[in-house]
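Reader: I am new to this structure. Please show me how to read its features.

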Amino acid sequence: MQADRGCDIVGPPSGQSLALPAGGVFTGEIAENRAFTTLSYNGDLTTDWTDGRNHPEDWTGPSTGEGCLVNNPDGFGGPLHTQNQTRATGTALAISYNSDLANVNMENLVVISVAPNTPWKRLVNYPIPADLPPCALGQCYCAWLWVPHGCGEPNMYMQNFRCHVTGSTSVRRLGAAQPPVYCANNPSTCVKGPKQMIAWHQRTGNNVVTPGDVTPPYNSKMGFFPGAQNDIFESRVGCFIDSDTPRVLPHQITSVTGGMTRDKCIAACKAAGYFYAGVEYSTECFCGSAQPSSGLLVADSQCDMPCAGISGETCGAGWRIEVYGTGNYPPSSYTPAVPPRALTTSTWLYACQGVQWGGKCENLRIRHAEKCVSLVGTDFYKKIRSAGPDSGRCVLFR
């Protein structure tokens with residue numbers, strides 16, 4: 001949190017918070033300078049890229065030496081610390097349900113989303129787990145994370161945010177995060193479940209050691225998968241009120257033999273491909289893939305009937321179902337962000353009402369932005385460039 005320079009005591013202005021849509025996608029901006037984002041100059045200096053310039057889609061470094069972008073004759077691309085998009089190591093978002101920075105630690109700051117082969121372009125997508133619960137008092141702590149590979153000093157990057165989760169009624173709890181392990185050579189050794197951010201090459205302590213001091217990236221080499229990290233939750237979900245119609249978990253398993261236990265029910269539901277398992281009335285097992293409604297959650301003490309197949313373990317109660325995650329998760333996927341497509345950067349528009357394409361616009365100025373001609377019946381939007389190669393032009397996007 002850069003506490004050594006007092007950043008931990010200077011939070012964002014009241015009311016400012018990063019909104020993470022549960023089950024949706026958070027699209028952020030990465031840039032070498034805030035000037036090249038939509039947060040400055042009305043976005044007039046933005047392009048698809050992080051430096052406000054334009055580059056070829058197959059932008060790559062030279063074939064000599066380390067081959068970094070910055071080694072090209074124009075010297076651009078140094079802050080990306082990479083040779084090309086394929087070599088970009090990936091970036092991540094993490095969340096802690098402690099809004100007080102003093103209580104945020106490596107165990108409760110959990111990586112929730114990974115964007116592969118980033119940073120690269122300005123816009124970047126971070127899919128958010130659907131089961132991510134709301135933040136207490138609407139406030140959590142989040143961090144953006146990156147460890148680049150080569151093309152400069154071996155550093156790690158971290159940006160801090162106040163954040164909150166939207167569109168969620170989940171009652172699931174995040175598990176304690178474990179340090180990730182470099183597992184590129186043996187995927188069976190990858191850490192499963194919630195993982196910590198990577199702390200590497202830090203004077204005050206590290207949680208990752210790699211063979212030959214290889215860079216630990218936010219990708220499969222460290223056990224992270226692209227998109228939402230759906231395996232970050234505790235197994236136990238809670239005790240819920242059940243009913244005959246509808247059931248909290250709709251599919252009953254009747255094949256369990258030798259007396260019901262939690263583990264037997266969970267194993268049976270997992271084998272059947274379900275995300276959740278629930279034990280009820282000592283002997284019953286139900287499965288489903290939709291999380292139980294938070295409105296049905298009751299105190300754990302109401303699930304107090306002993307399991308028929310094991311002593312010292314509870315299996316729900318009468319019309320009370322004890323729900324667990326099975327270890328199956330929704331598939332994770334990743335789709336890169338698609339920037340608004342510029343239809344033209346070279347055609348000038350009249351600043352005259354009703355005139356369409358073509359011609360020269362001598363008096364086009366920023367203060368006349370509202371006079372950019374509207375294209376009736378289209379989904380285009382328009383703005384005047386105030387700087388850069390398109391200064392003074394009305395550029396259309398959609």
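Author: Apart from neighbours within four places in sequence, valine 171 contacts Val237, Phe240, Gln291, Ser294 and Leu297, where contact means heavy atoms within 4.5 Å. This is a predicted model, in which local features need pLDDT of at least 70, side-chain atom pairs count only at pLDDT 80 or more, and totals for chains, interfaces and linings use all residues. Residues are numbered from 1 along each chain as its sequence is written, and side-chain values use heavy atoms, leaving out hydrogens and water.

Reader: Is valine 171 buried or exposed?

Author: Buried means under 20% relative accessible area, exposed over 50%, and partly exposed in between (1.4 Å probe, protein chains only). Valine 171 has a relative accessible area of 16%, so this residue is buried.

Reader: Which residues touch the most other members of the largest nonpolar core?

Author: In soluble globular proteins, nonpolar side chains tend to be buried together. A nonpolar core is a set of buried Ala, Val, Leu, Ile, Met, Phe, Trp, Tyr and Cys residues joined through side-chain atoms within 4.5 Å. Here the largest has 26 residues, and Leu20, Leu93, Ile95, Ile112, Tyr126 and Leu132 touch the most other members.

Reader: What is the polar contact of histidine 55?

Author: A polar contact is a pair of N or O atoms within 3.5 Å; within protein, one must be able to donate a hydrogen and the other to accept it, and residues adjacent in sequence count only if both atoms are side-chain atoms. The side chains of histidine 55 and aspartate 51 form one of 2.8 Å. Histidine 55 is buried, at 11% relative accessible area, and its contacts beyond four places in sequence are Trp49 and Phe76.
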